[in-house]
Amino acid sequence: QNLSPINLQKILISLKTAHYSENEVLIREESPVDSFFLIIKGQCLLARTFDDEVHQVKLSTGDSFGDEYLITDAVSHETVTALNDVSVIQLDKKHFLDHIKTPLVDFIAPEDLPVALQTGAIVLDVRLPVSFVKQNLIGSANIPLMTLRMRLGEIPKDKQVIVVCAKGIESEAGVFLLTKNNINARVLKG
């Protein structure tokens with residue numbers, strides 16, 4: 001909804017559809033991801049191991065996945081499996097980054113942070129807890145990027161969320177995930 005007509009047109013001509021049978025794997029843990037997926041029919045199970053626990057999320061029509069790995073250029077930390085016959089729309093990495101991620105991910109300058117905090121914004125650090133404990137912004141919350149999808153219910157939808165990490169790339173992935181879930185989020189530059 002937030003994309004320009006030109007970007008939408010470029011995306012539409014680049015889309016591919018794919019079909020998967022029950023129990024077929026769409027993304028396998030530790031494998032590279034080269035597409036953004038949008039489910040148009042059926043359900044998938046996203047399973048991710050974190051802190052020796054398996055966390056699962058059921059994805060249905062309208063849900064998407066793969067964006068985190070396209071943005072961070074990391075291998076998958078999760079396995080996505082079809083729970084029944086599934087149809088998806090796929091968009092390759094280049095088109096996703098150029099025509100979806102870049103126009104949707106917003107930034108905030110460090111000098112604007114104090115005003116944002118005074119008006120009720122919160123800071124979310126998406127690094128792993130071991131890094132967060134060593135150094136963090138005072139008053140920030142910590143939800144690692146790898147568990148953010150599973151913990152979206154903990155993020156207030158009525159506040160601006162300013163996302164931070166070590167290098168900015170995980171913050172961009174976090175902001176994209178929050179934005180597509182109707183949460184007002186921005187990356188802290190630098």
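The following questions and answers walk through parts of a predicted model.

Visitor: Is Ser87 buried or exposed, and which side chain does the side chain of Ser87 make a polar contact with?
Guide: Ser87 has its place in strand 8, which covers residues 86–92. Because its relative accessible area is 8%, and buried means under 20%, Ser87 counts as buried. Leaving aside neighbours within four places in sequence, Ser87 is in contact with Ala18, His19, Leu38, Ile39, Ile40 and Lys41. The polar contact made by the side chain of Ser87 has a length of 2.7 Å, and its partner is the side chain of His19.

Visitor: Why does Ile40 count as partly exposed, and what is its relative accessibility?
Guide: Ile40 lies in strand 3, residues 35–41, and, with neighbours within four places in sequence left aside, it is in contact with Thr61, Ser87, Val88 and Ile89. Buried would require a value under 20% and exposed a value over 50%, so Ile40, which falls in between, is partly exposed, with a relative accessibility of 40%.

Visitor: How many Å apart in space are Lys94 and Asp34, C-alpha to C-alpha?
Guide: Lys94 has its place in helix 3, residues 93–104, and because its relative accessibility is 55%, Lys94 counts as exposed. In sequence Lys94 and Asp34 are 60 residues apart, while in space the C-alpha to C-alpha distance is 9.0 Å.

Visitor: Is Arg48 buried or exposed, and which side chain is joined to that of Arg48 by a polar contact?
Guide: Arg48 lies in strand 4, residues 44–50, and because its relative accessible area is 2%, where buried means under 20%, Arg48 is buried. Apart from neighbours within four places in sequence, the residues in contact with Arg48 include Glu53, His55, Glu68, Tyr69, Glu78 and Leu145. The polar contact spans 3.1 Å between side chains, and the partner of Arg48 is Glu68.

Visitor: Which residues line the largest cavity, and which elements give two or more residues to its lining?
Guide: The structure holds one cavity of 30 Å³ or more, and about 50 Å³ of space lies in the largest cavity. Its lining consists of Asp67, Glu68, Glu78, Leu145, Arg149, Ala173 and Leu177, and by class these divide into three nonpolar, no polar and four charged residues. The elements that give two or more residues to this lining are helix 2 and helix 7.

Visitor: How does the reach of helix 7 compare with what is expected, and which of its residues are buried?
Guide: Helix 7 has twelve residues, and from its first C-alpha to its last it reaches 17 Å, which is close to the 16 Å expected at 1.5 Å a residue. The buried residues in helix 7 are Ser171, Glu172, Ala173, Gly174, Val175, Phe176, Leu177 and Leu178.

Visitor: Which residues lie nearest the centre of the second largest pocket?
Guide: The second largest pocket has a volume of about 280 Å³, and helix 7 (169–180) and strand 13 (185–188) each supply at least two residues of its lining. By class, the lining divides into seven nonpolar, six polar and five charged residues. Of the 18 residues that line this pocket, those nearest its centre are Val164, Cys165, Ala166, Leu188 and Gly190.

Visitor: Where is Asn182 found, and what is its phi?
Guide: Most residues other than glycine have a negative phi. Asn182, which follows helix 7, is found in the loop between helix 7 and strand 13, and because its relative accessible area is 65%, Asn182 is exposed. Its phi is positive, with a value near 60°.

Visitor: Where is Asp73 found, and what is its phi?
Guide: Asp73 is found in the loop between helix 2 (67–72) and strand 7 (78–82). With a relative accessible area of 59%, where exposed means over 50%, Asp73 is therefore exposed. Asp73 is a residue other than glycine, yet its phi is positive, near 60°.

Note on methods: Residues numbered from 1 in each chain as written. Predicted model: local features only at pLDDT ≥ 70, side-chain atom pairs only at ≥ 80, totals over all residues. Heavy atoms only, no water. Helix = DSSP H or I, 4+ residues; strand = E, 2+ residues; numbered from the N terminus. Buried < 20%, exposed > 50% of the residue type's maximum accessible area, 1.4 Å probe, protein only. Polar contact = N/O pair within 3.5 Å; in protein donor to acceptor, adjacent residues only side chain to side chain. Contact = heavy atoms within 4.5 Å. 1 Å grid on protein atoms, 1.4 Å probe; cavity = no way out; pocket = protein on both sides within 12 Å on 5 of 7 lines; lining within 4 Å. Points joined across faces, edges and corners; volume = space filled by probe spheres on them. Nonpolar A, V, L, I, M, F, W, Y, C, P; charged D, E, K, R; others polar. Expected span 1.5 Å × (residues − 1).
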